[in-house]
There are 2 protein chains.
Amino acid sequence: MTRGGAEMDVHAHDDKLQSSSDAQILRAAKVKNHRALIEATLKTLAELGYANASVSEIIKRAGLSRGMIHLHFGSKNKLVSEAAKHASERYHAFLEHCLERAGPRAQDQLEAIVKHDLSEDVLNATSVRVWYELRGAIYFQKELASFSDTRDERLRCILFRLFKDLSLRYGDEDTAKEKAEDVTFAFLALMEGMWNDYLLHQGSFQRAKAKRSVFRILKTLFPDHFDLEGAKPA
Amino acid sequence: MTRGGAEMDVHAHDDKLQSSSDAQILRAAKVKNHRALIEATLKTLAELGYANASVSEIIKRAGLSRGMIHLHFGSKNKLVSEAAKHASERYHAFLEHCLERAGPRAQDQLEAIVKHDLSEDVLNATSVRVWYELRGAIYFQKELASFSDTRDERLRCILFRLFKDLSLRYGDEDTAKEKAEDVTFAFLALMEGMWNDYLLHQGSFQRAKAKRSVFRILKTLFPDHFDLEGAKPA
DNA sequence: TCAAAAAATGGACGATTGTCCATTTATATG
DNA sequence: CATATAAATGGACAATCGTCCATTTTTTGA
């Protein structure tokens with residue numbers, strides 16, 4: 001943290017001779033505007049989509065002037081990257097929070113993940129739209145991949161561990177491992193598919209139905225550990 | 001079909017006095033160019049995404065001149081709509097073909113749907129990218145929804161019928177219906193999630209693994225009718 | 001309090017967007 | 001073959017894009 005936090009790194013046209021000491025100075029207004037730009041970017045992505053999220057629309061929502069994007073981030077693409085990073089970190093942090101709050105058993109942790117992914121904090125019009133747009137934009141703005149990739153990989157690892165833990169109660173090591181692999185893959189696809197469905201049918205999407213649907217799959221896979229409401233009580 | 005096929009409807013600035021008889025004349029070159037524009041649009045969407053699929057890029061791929069889009073479709077948005085319609089119909093037609101070819105049992109039909117959705121004809125870089133881009137674009141080009149909506153609804157009905165058919169072998173009418181509802185919902189989400197995953201990890205995506213994953217879920221739900229390879233033989 | 005430094009502004013810039021139309025080219029019919 | 005009509009062309013057009021920078025405004029420190 002000697003450099004005062006990476007988030008304050010203003011773009012450097014020639015970053016060979018970064019005038020060291022100056023970087024320490026943090027003015028409150030600057031960091032506020034920095035964040036305002038990121039929030040405005042996410043807002044714009046949600047409201048207009050990546051294709052229509054222009055500099056003009058972003059600064060309009062941020063209530064700042066045109067030059068601020070170049071000043072703070074160097075380019076619009078880099079701003080979008082920072083916004084993606086921010087959104088990813090926020091998702092991740094909330095997920096960790098939910099996992100910590102939940103019980104220690106594998107089925108409790110899994111229930112927490114399902115309920116997290118279908119909660120109004122995560123599955124809402126803004127977040128899901130942003131997620132969809134940024135995902136699509138990875139294709140022609142490769143650096144966006146890094147954020148979602150690390151997060152997805154971490155979630156995948158957690159899920160695999162939990163599913164393997166449960167699967168071992170139903171069979172031997174080898175079959176449990178194979179089962180856990182398949183179920184992890186399917187579970188991730190299932191949750192992402194739910195997000196897609198939410199995006200497409202925001203008016204008629206029913207959280208309760210979605211939840212019951214997921215838990216029915218889990219109940220069928222692990223009948224001793226789940227029912228249609230979630231993890232079975234101890 | 002008296003008007004020579006709706007696809008030849010050139011935009012009409014004032015369509016009050018459509019000079020009837022002229023519409024009959026179909027020149028081969030015209031319909032060819034019409035199709036070329038639609039194919040070029042899909043190609044551009046796949047290669048550059050919705051955000052970068054400009055008129056210039058589309059006509060470059062079609063090998064035609066700038067004015068053709070306005071001449072044939074009236075506007076770029078209408079061209080994109082027609083392209084979406086075309087892609088949707090192609091998907092639908094191929095699915096129906098697969099269903100007809102498959103055996104009559106519910107498990108055979110379901111196996112056909114899974115294999116169709118994960119086949120190289122459907123799950124390929126071009127088609128999936130186009131699907132993703134058009135889906136996202138629905139948000140700010142509402143008319144795009146109509147095509148995917150009707151198709152999705154039809155698929156949903158087919159799936160529900162098949163799943164209910166199977167579920168009845170495992171329980172009474174009421175529980176079977178509820179199970180079928182949940183499974184239909186989950187199955188659709190699962191397949192869409194697979195498409196998402198394919199899009200994001202085209203390099204490492206494994207069809208076989210995806211297929212096994214889906215069939216494992218189906219096997220767990222309907223153990224008498226599926227194994228890890230697909231429908232159980234008779 | 002006042003010069004120096006940092007931060008923010010808003011317009012200029014060339015490039016590109018989608019739309020449209022005056023021409024040109026190709027085809028069909030008398 | 002000549003003429004009418006359909007089809008295709010490619011540039012003009014205003015609007016908007018992202019980038020950048022000469023200014024102005026604000027804050028800092030002696």
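**Exercise 1. State which residues form the one aromatic cluster.**

Solution. The cluster consists of A:Y91, A:W131, A:Y132 and A:W195 together with B:Y91, B:W131, B:Y132 and B:W195. Rings of Phe, Tyr and Trp (its six-membered ring) pair if their centres lie within 6.5 Å; planes under 30 degrees apart count as stacked, over 60 as edge-to-face and the rest as tilted. The model is predicted: local features need pLDDT of at least 70 and side-chain atom pairs pLDDT 80 or more, while totals for chains, interfaces and linings use all residues. Residues are numbered from 1 along each chain as its sequence is written, chains are lettered from A and ligands numbered from 1 in the order written, and side-chain values use heavy atoms, without hydrogens and water.

**Exercise 2. Classify the aromatic pair of A:F215 and A:F226, and say which parts of chain A this pair ties together.**

Solution. 
1. Over all chains there are 21 aromatic pairs.
2. In the pair of A:F215 and A:F226 the centres are 6.3 Å apart and the planes at 25°, and the pair is stacked.
3. A:F215 belongs to helix α9 (residues 207–221) and A:F226 to strand β1 (residues 226–227), so the pair ties together parts eleven residues apart in sequence. Helices (H or I, at least four residues) and strands (E, at least two) are DSSP runs, numbered from the N terminus.
4. A:F215 is buried at a relative accessible area of 0%, and A:F226 is buried at 0%. Buried means under 20% relative accessible area (1.4 Å probe, protein chains only).

**Exercise 3. Describe how A:K76 is placed relative to DNA strand D and to A:Y50.**

Solution. 
1. A:K76 is among the closest of the 22 residues that surround DNA strand D. A residue is near a strand if one of its heavy atoms lies within 4 Å of it.
2. A side-chain N or O atom of A:K76 is 2.6 Å from a phosphate oxygen of DNA strand D.
3. A:K76 also lies over the face of A:Y50, 5.9 Å from the ring centre. A charge sits over a ring if NZ of Lys or CZ of Arg is within 6 Å of the ring centre and within 35 degrees of the ring normal.

Notes:
Polar contact = N/O pair within 3.5 Å; in protein donor to acceptor, adjacent residues only side chain to side chain. Buried < 20%, exposed > 50% of the residue type's maximum accessible area, 1.4 Å probe, protein only.
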